[in-house]
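Subject: Structure handed over, with notes

Dear colleague,

Please find below the structure that I promised to pass on to you. My notes follow it, and I would be glad if you read them with the model open beside you.

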Amino acid sequence: MATEEPNSKRQISEECIINRLPEDLIEQIFLSLPVSTLLRCVGVCKRWLNFIRDPEFVATHLRHAHRYALMFFPQGLVSGKPYPSEGILVDEAWSPSVYAVPVIGPDDYLFGSCNGLIALYTNTSTIKIANLATRECLHLEKPAKNARGHHFSFYSFGFHPVTKEYKITHFLADSVEGHPDCKHFSVIQVYTLGGEKWRDIPTPEALSLDSVRNSGVVNVDGTVYWLTQDKTASWRHAVMSFDLSDESFTVIQLPADYLGPRRLLIRDIDGNLCIVTAQTDCYDFKILLGELHIWTLDNPVEQRWSRKYNIKTPPIYIPGPHFGHRGRILTQSSVRVSSYELIGENFEFSFSKTAELLDLSPRRLYNMQSYICVKLLVCLDAYKKVGIVRKPKQQLGWQSKKWEAWENERREVEKLRTNVQKEEHDLSELAERMFKMYQVLVDKPLAISERVRTELNKVLHHKPEKPNQGISTSGVSSSHDKKNEKENLPCKT
């Protein structure tokens, strides 16, 4: 009997208490946990593993997941020094605290973000799909045709909510006499994640690659949107859409209100397709001037637009493809990245009301990209069994030796920046103390002069109106007479 009791207690302790709860309550508990905790929970028991990896739970977790703003800075030379590609996450509350994205390598170019997965164009022969939460990476073979005409801005990555498929699209530049023509394309190459090969989808007509490069590409609800030239339209442009489900094309006309020649940008604000228009600087078309208009596509079938925002004196640069999130927009000015609240349909932009997120220096201006992403439990193992998957080359990523010097320099710069901030803080405290001492020194003479003035007023208050009035002269006369009497007295013999 004594041996049975410890065994029963051991059996009860080994049995997980949570597993006794109802299924819906267990789901609510898991939904409240962050992805990092859920990834540890999958190793507790087989039931938890199956529960957390279940596609329905993953889809439900996606609807409750926190959204992050992901800012990407492509590699480049600044003052002759190489700087690698870098991604930075900003939390849902637009907090100034930032987090690095380690799955982005120094030579990678980001071209899409969807359901916790990001798509990266590499300088090697592969495309990388990475999970932000698990840091898993899947390397896919690039499309074989026209390799010299590749550019990361010609790729896009999206997810269709009905078919549950992830697809990569590539605008294939036309070939002229064996050489790529980077001005037009007539084929979209499509790869479905988990498939064996890329497929060619012909476009209705030759479309402009310049418009894609200058205006951008967005994915909204399983449809790819970009701008193309349309000489018959008042705007001289139209929106072209490509449905990821049936892989069909549709032309969407822009709003009827035409306000003259303006730069057009296609953007995503809170999951809505938007057209951003503004005048540009005559010397640099990336710099926006005048009033900024933001149009929202309310109904793709009816092609109905509405002008959502009119912003006076806007920021000079609009990052993309995701321009806004949770009622705020990302802005870039000189060396700072900030967020700004959309406070109404018509308002004037003021830099004094922006919330600074990070300092850009010494990076190049006007090349930042912005995305909205989540941390999700999407597992890439199911997509790794196809023949198109390739192994990454050795020394790929942050271990690359050519970036070691940059890493050391960055650490020194960060250390120097920390010391400068500390010195600035100490100087501000010293300035505050000196100001208080100055106030004391200024106030003390004022207090003394005020006291002297008070005492003087008291004296003057008791002083007579005529100084000689009431002063007797009898004393003076009597003394003068006594002196004369003494002089007239006879001398005694």
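A residue is called buried here if its relative accessible area is under 20%, exposed if that value is over 50%, and partly exposed in between; R199, at 29% relative accessibility, therefore counts as partly exposed. Please keep in mind throughout that this is a predicted model.

Of the contacts between residues at least 6 apart in sequence, 52% join residues at least 24 apart. The protein exposes about 28,700 Å², and carbon and sulfur atoms supply 54% of that area.

The salt bridges come next, of which a search of the whole structure finds 8. R199, the partly exposed residue mentioned above, forms one of them with E247, where the closest N and O atoms are 2.6 Å apart. This pair links distant parts of the chain, since R199 belongs to strand β13 (residues 199–208) and E247 to the loop between β16 and β17, 48 residues apart. E247 also meets the side chain of K167 in a salt bridge, at 2.9 Å from N to O. Because E247 lies in the loop between β16 (237–243) and β17 (249–252), whereas K167 lies in strand β11 (residues 165–176), this second pair ties together parts that are 80 residues apart in sequence. E247 is buried, with a relative accessible area of 16%, and K167 is buried as well, with a value of 4%. E165, K167, R199 and E247 are linked in a network of salt bridges.

A further salt bridge joins D108 and K128, with the closest N and O atoms 2.8 Å apart. D108 is placed in the loop between β5 (98–100) and β6, and K128 in strand β8, so the pair ties together parts that are 20 residues apart in sequence. D108 counts as buried at 3% relative accessibility, and K128 is likewise buried, at 6%.

Four strands form an open sheet in the order β6-β7-β8-β9, with antiparallel pairing; the edge strands are β6 (109–114) and β9 (137–141), each of which pairs on one side only. From one strand to the next, the twist averages 20°. Within this sheet, strand β7 (residues 117–121) and strand β8 (residues 126–131) pair in the antiparallel sense over 5 bridges, and K128 in β8 stands opposite L120.

How many of the residues of β18 are buried? The count is 7 of 7, so β18 is largely enclosed by the rest of the structure. Both of its faces are covered, with R263, L265, R267 and I269 buried on one side and L264, I266 and D268 buried on the other. Strand β18 pairs with strand β19 (residues 272–280) in the antiparallel sense over 7 bridges, and the partner of R263 in β19 is A278. The hairpin that these two strands make has 2 residues between the strands, and D270 takes a positive phi near 55° there.

Strand β18 (residues 263–269) also pairs with β22, in the parallel sense and over 2 bridges, with I269 standing opposite G324 in β22. Strand β22 (residues 320–325) is itself mostly covered, as 6 of its 6 residues are buried. It pairs in the parallel sense with strand β27 (residues 369–373), over 2 bridges, and the bridge partner of G320 in β27 is Q369. With strand β23 (residues 328–333), β22 pairs in the antiparallel sense, again over 2 bridges, and H325 stands opposite R328 in β23. In the hairpin of β22 and β23, which has 2 residues between the strands, R326 takes a positive phi near 55°.

L21 sits in the loop between α1 (4–14) and α2 (23–31) and, at 31% relative accessibility, counts as partly exposed.

With kind regards

Methods. Residues numbered from 1 in each chain as written. Predicted model: local features only at pLDDT ≥ 70, side-chain atom pairs only at ≥ 80, totals over all residues. Heavy atoms only, no water. Buried < 20%, exposed > 50% of the residue type's maximum accessible area, 1.4 Å probe, protein only. Pairing = 2+ DSSP bridges. Axes fitted to C-alpha atoms, helices over the stretch in contact; angles between N-to-C directions. Contact = heavy atoms within 4.5 Å. Areas by Shrake-Rupley, 256 points an atom, 1.4 Å probe, with all protein chains shown as cover. Salt bridge = Lys/Arg side-chain N within 4 Å of Asp/Glu carboxyl O.
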